[in-house]
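Here is a short tour of a protein with a ligand, meant to be read with the model open beside you. Take a moment to find your way around the display, and then we can go through it topic by topic.

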Amino acid sequence: MKGQILKRLKSENDVISGEALSSELGISRVSIWKHIRKLQELGYEIVTTSSGYRFQSSPDVLFPWEFPGREKNIHYYDEIGSTMDIARDMGRKGCPHFTVVIAGQQSKGRGRMKRVWLSSIGGLYFTIVIRPEISPALSHKVNFAASLVLTEVLRKNYEIDAMVKWPNDILVEGKKLSGSLSEMEVEADIVSFVNIGIGLNVNNDPHPEEQEAVSMKKILGREVSRKEILSKFLDEFEKKIDSIAYDEIISEWKKYTMTINRHVKIVTIDDVTEGLAVDVDENGALILELSDGSRKTIVYGDCFHKEP
Ligand code: BTN
């Protein structure tokens, strides 16, 4: 109902009476008044006059009703530990495909390789529960699809020169703008769910310790609506996932990677390998050419680009 009230208020440049809202939306004037009071408490500027209500502005908060058509599958928390944990519980309890868990801030944000993902206010932090009917061997392609789609959204809508670093970081001029993390559960050899968690530095100032990080605000010199970015991303990602051609994802992703033809260092929990990144194979693994000319296939790890 809040979404419908907001939609109607936004469509009217002038004051709209409680009576008109009540008859158009089929609820009592008292209910209209209660919803409006709640919206005002949540930060919406809605002017109340003797003849009705006038919409002025909304906060950049990712409430479910800000995503018309998706409300039921969007779960917003002002502050939680990690969206990954909530999404995993929801996945296990059978939540629908494309359920989205969003946090304003995370106190235990998780990064790859057991790192912490600092998640201060102003950034975009969310996890999407995907239920693709695929074998586990294909599941990592969902991550490549997510970084591909986000890169394209940033390039097309914000003219940001976003590139991907293997496997799924998004960098701008060598600095990290976004990272993603995935978790999967399997039942009877079929993927039960793949959860894709994305952190995007939007209006937050990356922590001074994260010298190699950058935000959209820093790149564009202005604040950006997180609602707008997330809504564009969800629309594009859903289209991609629902029509996904698993054999084309990696080649599409390669158009935006800056890792191929670079000297790289790959760090895993128990190993460090250096070499020239010559390709990413159809499974998303990085192919390195080592100094003795041999080739090594790397399936996971942190990738550091060395100076060209
Ligand atoms: C990385 O680059 O190391 C991956 C970072 C992933 C961060 C996101 S923020 C939303 C989701 N919840 C988490 O705890 N982590 C992911």
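Throughout this briefing, two residues are in contact when they have heavy atoms within 4.5 Å of each other. Please keep in mind that this is a predicted model. By that contact rule, and leaving aside residues up to four places away in sequence, aspartate 14 touches Tyr53 and Arg54.

**Around the ligand**

- The ligand is surrounded by 20 residues, and the closest are Ser82, Thr83, Arg110, Arg112 and Lys176.
- At least two shell residues come from each of α4 (83-92), β5 (124-130), β8 (175-187) and β9 (190-200).
- Of the shell around the ligand, β8 provides the largest share, with four residues.

**Polar contacts and cover**

- Serine 82 places a polar side-chain atom 2.7 Å from an oxygen atom of the ligand.
- In the side chain of glutamine 106, an N or O atom lies 3.0 Å from a nitrogen atom of the ligand.
- Arginine 110 takes part through its backbone: a polar atom there is 2.6 Å from an oxygen atom of the ligand.
- On its own the ligand has 420 Å² of accessible area, and the protein covers 99% of that.

**Aspartate 14**

- You will find aspartate 14 in the loop between α1 (2-10) and α2 (18-25).
- From aspartate 14 to serine 58 the separation is 44 residues in sequence, and their C-alpha atoms are 16 Å apart in space.

**Backbone details to look at**

- Most residues other than glycine have a negative phi, and most peptide bonds are trans.
- Tryptophan 166 and proline 167 are joined by a cis peptide bond, with omega at about 0°.
- Proline 167 belongs to the loop between β6 (163-165) and β7 (169-172).
- Methionine 113, a residue other than glycine, has a positive phi, near 55°.
- To locate methionine 113, look in the loop between β4 (99-106) and β5.

Terms used. Residues numbered from 1 in each chain as written. Predicted model: local features only at pLDDT ≥ 70, side-chain atom pairs only at ≥ 80, totals over all residues. Heavy atoms only, no water. Near = heavy atom within 4 Å. Polar contact = N/O pair within 3.5 Å; in protein donor to acceptor, adjacent residues only side chain to side chain. Areas by Shrake-Rupley, 256 points an atom, 1.4 Å probe, with all protein chains shown as cover.
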